[in-house]
Amino acid sequence: MALQTGQTWAARAFCQRKVFGQSLVRLVLKGSYSTAKGGEDTGRVAGPTVVSERRGTVVTVAINRPEARNAVNQETARRLLQELEAFDRDPALSVAVLHGQGGNFCAGYDLKELANHTASLKLEQDVTKGPGPMGPSRLELSKPLIAAVSGFAVAGGLELALLADLRVVEESAVMGVFCRRFGVPLIDGGTVRLPRLIGLSRALDLILTGRPIGAQEALAYGLANRVVPDGQALTAALELAEQISSFPQQCLRADRSSAVYSCYDAPSFTQAMQYEIDHGIPVIQSEAVAGATRFSSGTGRGGKFS
């Protein structure tokens, strides 16, 4: 879960992001892609709180509540879940990029809603039967998700960033378990994913103190995968997504699935190894033979990726 704090962070202007030299809002107005509508170009945003746009085999999903530092309310949680579930089902899409509009990734769950509308807040305690408070936090996606982090990614916003396979973080971005101050627990996977990503000792440091962590420290911890100049997270994440989507996808997803299984689900080394080969063998005929043929003809020699 998460927080939208009452503190003033006036230094963070809600500036419009520039992507490929154009305003993202202008791109959306020209025609946006809503995976919740089945993948067609709808010509309108997915909803007032979430904006999605298709770029070939990559889809961007943006939290669009800049006035609340992209704190997630119930409507936003539902929209995020819809969009990421639809992305995972769409065979034409390979990678999703999650980001926030207006200078912040996500300030967590909207505590104003929690304080004022407690009766309407329904939490599914059985994690196999419904979504988490932040929406997609209980998903086990079959395809890569990249988080483009700017501004604040705190409390439940940090938990959304942890859902991603990779995090591209701007130099001035701030992450942290800020909800520690208000007695709001991490119930969107924060206590599960964070220790797996950065180790128990470092995770407990952040969980117990709630302290902010900057981009460079996050990079040293392995919480950030890339650090980029301010204003460049979305562009860099899109470039990374396009690179990942250019690879043979069945092989990539088999390797990704095996890595996740070995980290979270495998009861033993032997079963992890068995899972790896069981999911890797089918790829030999479907993609590896063709890849070996391309290599034999000279493609990719000398470690070239282009």
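Predicted model: local features only at pLDDT ≥ 70, side-chain atom pairs only at ≥ 80, totals over all residues.

Colleague: Which residue in β4 is the bridge partner of Arg54, and which is that of Val50?

Modeller: As a general idea, strands of a sheet pair through backbone hydrogen bonds, either parallel or antiparallel. Here Arg54 has Val59 as its bridge partner, and Val50 has Ile63. The hairpin of β3 and β4 has 2 residues between the strands, and Gly56 takes a positive phi near 70 degrees in it.

Colleague: In what order do the strands of the open sheet lie, and which are the edge strands?

Modeller: The open sheet has 6 strands in the order β3-β4-β5-β6-β8-β11, with mixed pairing. The edge strands, each pairing on one side only, are β3 (50-55) and β11 (226-228). From one strand to the next, the twist averages 20 degrees. Although β3 is an edge strand, it is largely enclosed by the rest of the structure, because 5 of its 6 residues are buried, where buried means under 20% relative accessible area, exposed over 50% and partly exposed in between, with a 1.4 Å probe and protein chains only.

Colleague: Which residues cover the two faces of β6?

Modeller: In a regular strand the side chains alternate between the two faces of the sheet. In strand β6 (residues 145-149), 5 of the 5 residues are buried, with Leu145, Ala147 and Val149 on one side and Ile146 and Ala148 on the other. Strand β5 (residues 95-100) runs parallel to β6 and is joined to it by 4 bridges, with Ala96 standing opposite Leu145. Strand β8 (residues 166-170) is also parallel to β6, through 4 bridges, and there Val169 is the bridge partner of Val149.

Colleague: At what angle do helix α5 and helix α6 pack?

Modeller: Two packed helices are described by the angle between their axes and the distance between the axes. Helix α5 (residues 190-198) and helix α6 (residues 200-209) pack at about 135 degrees with their axes 7 Å apart; axes are lines fitted to C-alpha atoms, for helices over the stretch in contact, and angles run from 0 to 180 degrees between N-to-C directions. The contact (heavy atoms within 4.5 Å) includes Leu194 and Ile198 of α5 and Leu206 and Ile207 of α6.

Colleague: Why does Ser258 count as buried?

Modeller: Ser258, found in helix α9 (residues 249-264), counts as buried because its relative accessibility is 8%. Leaving aside residues up to four places away in sequence, Ser258 touches Ala272, Tyr275 and Glu276.

Colleague: And how many helices and strands does the chain have?

Modeller: The chain has 10 helices and 11 strands, and 49% of its 306 residues count as buried.

Conventions. Residues numbered from 1 in each chain as written. Heavy atoms only, no water. Pairing = 2+ DSSP bridges.
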